[in-house]
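Here's a quick briefing to read with the model open beside you. Take it one topic at a time and find each spot as you go.

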Amino acid sequence: MLDIKLIRDQPDFVRHGIRRRGEDPIIVDTILGLDVRRRELLQQVEQLKATRNAVSKEISKMKDASEREAKIAEMRTVGDQIAELDKEVAAVDNEFTRQLLLTPNLPHPDVPDGTSEHDNIVMRTEGAPRSFDFTPKPHWEIGEQLGIIDFERGVKLSGSRFFVLKGHGAKLQRALIAWMLDMHITQHGYTEIAPPYVVKEEILVGTGNLPKFGDNLFRIAGVDLTLIPTAEVPVTNLYRDEILAAEQLPLYHVAYTPCWRNEQMSAGRDVRGIKRVYQFDKVEMVKFVTPETSMNELMTLIDNAEDVCKALNIPYRLLKLCTADLGTAVMKYDLELWAPGCGEWLEVSSCANFGDYQARRANLRYRPAVGAKPEFLHTLNGSGLALPRVMIAIIENYQQADGTIVVPDVLRGYMGGIEILGR
RNA sequence: GGGGAGGUCGCAUAGUGGCCUAGUGCGCGGCACUGGAAAUGCCGUACAGCGCAAGCUGUCGAGGGUUCAAAUCCCUCCCUCCCCGCCA
């Protein structure tokens with residue numbers, strides 16, 4: 001959500017930001033119109049309420065019965081007027097809030113312009129792709145042959161785009177989760193959170209998934225609960241409606257959760273394997289920081305995600321996303337691991353600074369100093385990392401000619417000594 | 001799921017229609033006293049909206065209602081605690 005004062009004072013600046021994102025800046029005029037109307041009505045109704053409050057107090061002290069009755073009758077009329085105006089205020093206010101919630105975030109000036117993901121900029125590529133003396137296979141072949149990924153039975157249970165991990169496959173994922181969590185906790189200073197996997201509607205509004213981007217969500221029939229699309233949703237809302245002390249910031253949290261995404265719009269894309277599925281596991285980092293530090297915090301957030309890629313010793317690259325690919329962020333970077341079997345770069349992490357956009361929605365504030373006014377803080381989040389695609393990268397990069405997979409060094413302690421998957 | 005008790009300012013509590021402009025204690029901040037501190041005293045301590053400002057308005061779990069006037073009365077819902085039932 002944007003600050004209405006910013007829209008009021010610098011409408012052209014806001015329009016420019018919205019236009020860069022490829023959206024229609026007309027919403028600015030809609031909001032400004034509602035804002036004016038809203039304040040007019042508020043002033044009217046509040047003046048009437050002030051009158052009623054004052055006269056009601058007088059009434060309690062009146063001795064003369066007829067004078068008293070006259071005032072009561074008078075206030076009855078005022079009360080009717082107030083009731084009508086209150087209704088109007090509520091209607092205008094609802095629409096005003098709805099429009100504000102639909103307004104996109106403004107991109108940072110340093111974000112490159114673009115109209116599609118092709119305009120994203122590769123900042124750097126780390127690590128050389130391994131050279132194979134055989135043709136590397138895609139993970140869906142290796143996984144099936146080794147019996148560590150069962151596609152058919154996943155479909156049998158839950159339909160297309162669901163899969164089952166078995167034996168060493170399940171263990172590898174569990175090892176990865178524990179290892180990543182431990183790395184962020186012990187080396188990067190994060191505190192672990194184990195949140196609920198279903199949340200209320202207002203929580204999704206807080207992170208910006210609703211009201212605009214609800215299409216991908218799995219909602220639970222009959223109750224006001226939705227399966228989380230990412231741990232970002234419950235964790236970012238942790239301190240909702242609270243005022244944190246400045247000394248509590250920055251606050252770093254890391255959470256492992258499953259994620260559910262009903263991506264019907266991507267039907268037909270990446271149908272093979274586990275690259276794009278309806279349920280996947282992810283370790284997610286979330287930061288709560290003061291506004292002036294958020295850009296630096298974004299850089300260290302990327303470092304934290306990058307450390308995972310480095311430790312796995314798999315080639316990766318860092319992308320700076322253009323205005324078309326920003327989502328609700330102010331600025332965003334993606335990390336992609338190289339997968340030699342399917343021959344593509346896999347997005348395993350998305351690291352974003354949201355500025356105060358989410359903080360306004362979720363009412364996340366901090367007090368800069370004792371006695372000072374509360375202010376909205378800044379939120380950031382980044383995957384650290386998303387499990388299925390890391391699994392793909394490990395399977396494809398660490399495959400051997402005989403169809404088995406070497407367990408990366410860093411994971412062996414978490415694998416109970418297993419060094420080769422499939423034996 | 002059934003029965004009971006509750007939800008008031010950071011915490012604890014008072015408040016059964018106008019004396020509530022929500023009191024008190026603790027905590028917190030400032031000041032005084034002190035060589036410094038403790039103790040003590042004084043002052044201040046929720047959030048939001050509107051307004052250039054003075055100030056006004058709203059919020060006592062949430063939403064409706066009754067009333068000239070609601071923390072207080074009525075209705076619906078949510079949450080917490082206790083007992084019973086069921087259950088990993």
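This is a predicted model: local features need pLDDT of at least 70, side-chain atom pairs count only at pLDDT 80 or more; totals for chains, interfaces and linings use all residues.

**Around the RNA**
- RNA strand B has 18 residues surrounding it, and the closest are Ala50, Asn53, Ser56, Ser60 and Met75.
- Two elements, α3 (26–61) and α4 (65–102), each give two or more residues to this surface.
- The largest share, 11 residues, comes from α3.
- Sorted by type, the residues of the surface near RNA strand B are seven nonpolar, six polar and five charged.

**Helix α5**
- In α5 (residues 139–146), the buried residues are His139, Ile142, Gly143 and Leu146.
- They sit on the same side of α5 because they cover an arc of only 95° around the axis.
- The buried residues of α5 pack against β2 (149–150), α7 (168–186), α12 (387–397), β17 (405–406) and β18 (420–421).
- Just after α5 comes glycine 147, with a positive phi of about 75°.

- Most residues other than glycine have a negative phi, and most peptide bonds are trans.
- Arginine 161 has a positive phi, near 70°, and is buried, with 21 other C-beta atoms within 10 Å.
- Asparagine 313 also has a positive phi, near 60°, but is partly exposed, with 13 other C-beta atoms within 10 Å.
- Leucine 210 and proline 211 are joined by a cis peptide bond, with omega about 5°; proline 211 is in the loop between α8 (201–207) and β6 (219–220).
- Another cis bond runs from glycine 384 to leucine 385, and leucine 385 lies in strand β16 (residues 378–386).

Terms used
Residues are numbered from 1 along each chain as its sequence is written. Chains are lettered from A and ligands numbered from 1 in the order in which they are written. A residue is buried if 20 or more other C-beta atoms lie within 10 Å of its own, exposed if 12 or fewer, and partly exposed in between; C-beta atoms are placed from the backbone. Helices (H or I, at least four residues) and strands (E, at least two) are DSSP runs, numbered from the N terminus. The arc is that of the directions from the helix axis to the C-beta atoms. Two residues are in contact if their C-beta atoms, placed from the backbone, lie within 7 Å. A residue is near a molecule or strand if its C-beta atom, placed from the backbone, lies within 6 Å of it. Ala, Val, Leu, Ile, Met, Phe, Trp, Tyr, Cys and Pro count as nonpolar, Asp, Glu, Lys and Arg as charged, and the others, Gly among them, as polar.
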